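Open the model in your viewer and keep the selection panel at hand. We will go stop by stop.

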Amino acid sequence: MLPVKEAQSVILDLVQPFYPELDTEVVDLLDATDRILAQTVISQLDFPHCDNSAMDGYAVLYTDVQACNNQDPTILDIIEEIPAGYQPQRSIQPGQASRILTGACLPMGADTVVMQEVTRREGNRVFILEAPSPQAFVRHRASYYKAGTALLNPGITLNPPEIAVLAAAGCNKLSVYRRPRVAILSTGDELVTITQPLQPGQIIDSNQYALAAFVRQRGGIPELLGIVPDEPDALKRAITQAISNSDIVLSTGGVSVGDYDYVDQILAELGSQIHIRAVAIKPGKPLTVATFPPSLLSPVTKGVPGGSQRPVLYFGLPGNPVSALVSCWRFVQPALSKLSGLPESQWGAMFVKARSRYDLRANGRLETYCWGQLRLDATGNYEFHLAGGTHNSGNLINLSQTNGLAVVPVGQTMISAGEFVQVLQVAPLKS
Ligand code: AMP
Ligand code: MG
């Protein structure tokens, strides 16, 4: 059984990231939020485009006003009004000033802005009551960045600040990585769809919904392939279909050691290479990770941009709903991150150190993930609250509201309330 960290590194080594030339699409800026940039964005313009004022005030020559003060103001003639967006027409000569508003271009000759709070206006004259420092309140052309500078690099996730930069740079169409296609299927004779009447012994297939939500939240495109019975032929057909048009396949169930657990057998029969069969983790010990080499993939996959060169990564996740999601958070997430064009610093699972408010127990042999809530206490420090109720991988009811998984390492049987624990953050913080 593979330790958790080793399993993560085996999985990451199996992933070939998207190719910046092949696996991209062009989107409108308004549709680019949360997408990952696939191009370098070069500024076509200096920013600011012109020397401009950072204040409402008067554009002046520094030499005119350097010695003035409240008792001995400099009096200047106002020759022009320059609102933002207006091209100044007149050049400032000694003894002159132009009224200027924030963001407006400085007139020729002026080198300094005096803010209006230290002036007094009388008709077409202005009294400067305080000497500014040289070049005060002037934002110089190209002082933020010059034309030709790289503003954003590939791998950046586009949030509101980056969207603002792109808009300011006039970039309204841009190249982003395509979203990974993730095929999802559930295996099990006991499963029915959400709309079917439930007969004794049957359960609703919740995993496809949970996994689709997980994939969508992480920027992928889920493709639901339905429920597959525990029959080798049906499984073979379903897996063949799943790998035909996807980057990653997630199946749940059928990977334990039970009589009806056929997934590993079928993966082998279909010619995939199996890299992981079980991981020392609880919940989520039965985990199969396999790859289908490009040579085995159908022509359809070869039509997917970049598809002909990249293996399809297969995760056979446990059927228990809690285990399936924990495996997604711990192992599928890094693979998706690497595949989708994110930089290496963002591939791994994200842990924070928190003080546990509860005793956390484990058997000492498996790295144990206890689900609950990561919160900030009154002083702004992380704390972890274990979910109430039964901690059993079949009980998905108390998984609701989980935003963190506290980890009890191998070799430890308890982390006591009050001690620190590493917590895998899986959703935003709760207060
Ligand atoms: P398995 O890994 O196939 O042995 O399944 C383990 C447990 O998870 C069984 O109790 C199943 O009923 C349950 N289970 C399997 N697949 C699903 C699913 N798609 N949705 C909800 N529960 C499932
Ligand atoms: Mg099963």
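This is a predicted model: local features need pLDDT of at least 70, side-chain atom pairs count only at pLDDT 80 or more; totals for chains, interfaces and linings use all residues.

**Stop one: the ligand shell**

Select G254: one of its backbone N or O atoms sits 3.0 Å from an oxygen atom of ligand 1. Go to S206, where a backbone N or O atom lies 3.2 Å from a nitrogen atom of the ligand. Then pick N207, whose side chain places an N or O atom 3.3 Å from a nitrogen atom of ligand 1. How much of the ligand's accessible area does the protein cover? On its own ligand 1 has 490 Å², and the protein covers 77% of that.

**Stop two: the sheet**

Select the strands β16, β13, β17, β21, β20 and β18. In that order, these 6 strands form an open sheet with mixed pairing. Find the edges: β16 (221–228) and β18 (273–278) each pair on one side only. From one strand to the next, the twist averages 15°.

Zoom in on β18. Strand β20 (residues 286–292) runs antiparallel to β18, and 4 bridges join them. Click I274 and look across: A290 in β20 stands opposite.

**Stop three: the helices**

Select residues 4–14, helix α1. Helix α1 lies across β18, β20 and β21 (312–317), at about 160° to β18.

Finish with helix α4, residues 207–217. Which strands does helix α4 lie across? They are β13 (181–187), β16, β17 (248–252) and β21, and the helix runs at about 170° to β16.

Note on methods: Residues are numbered from 1 along each chain as its sequence is written. Chains are lettered from A and ligands numbered from 1 in the order in which they are written. Side-chain values use heavy atoms; hydrogens and water are left out. Two strands pair if DSSP finds at least two bridges between them. Helices (H or I, at least four residues) and strands (E, at least two) are DSSP runs, numbered from the N terminus. Axes are lines fitted to C-alpha atoms, for helices over the stretch in contact, and angles run from 0 to 180 degrees between N-to-C directions. Contact means heavy atoms within 4.5 Å. A polar contact is a pair of N or O atoms within 3.5 Å; within protein, one must be able to donate a hydrogen and the other to accept it, and residues adjacent in sequence count only if both atoms are side-chain atoms. Accessible areas come from the Shrake-Rupley method with a 1.4 Å probe; for residues, only the protein chains shown count as cover.
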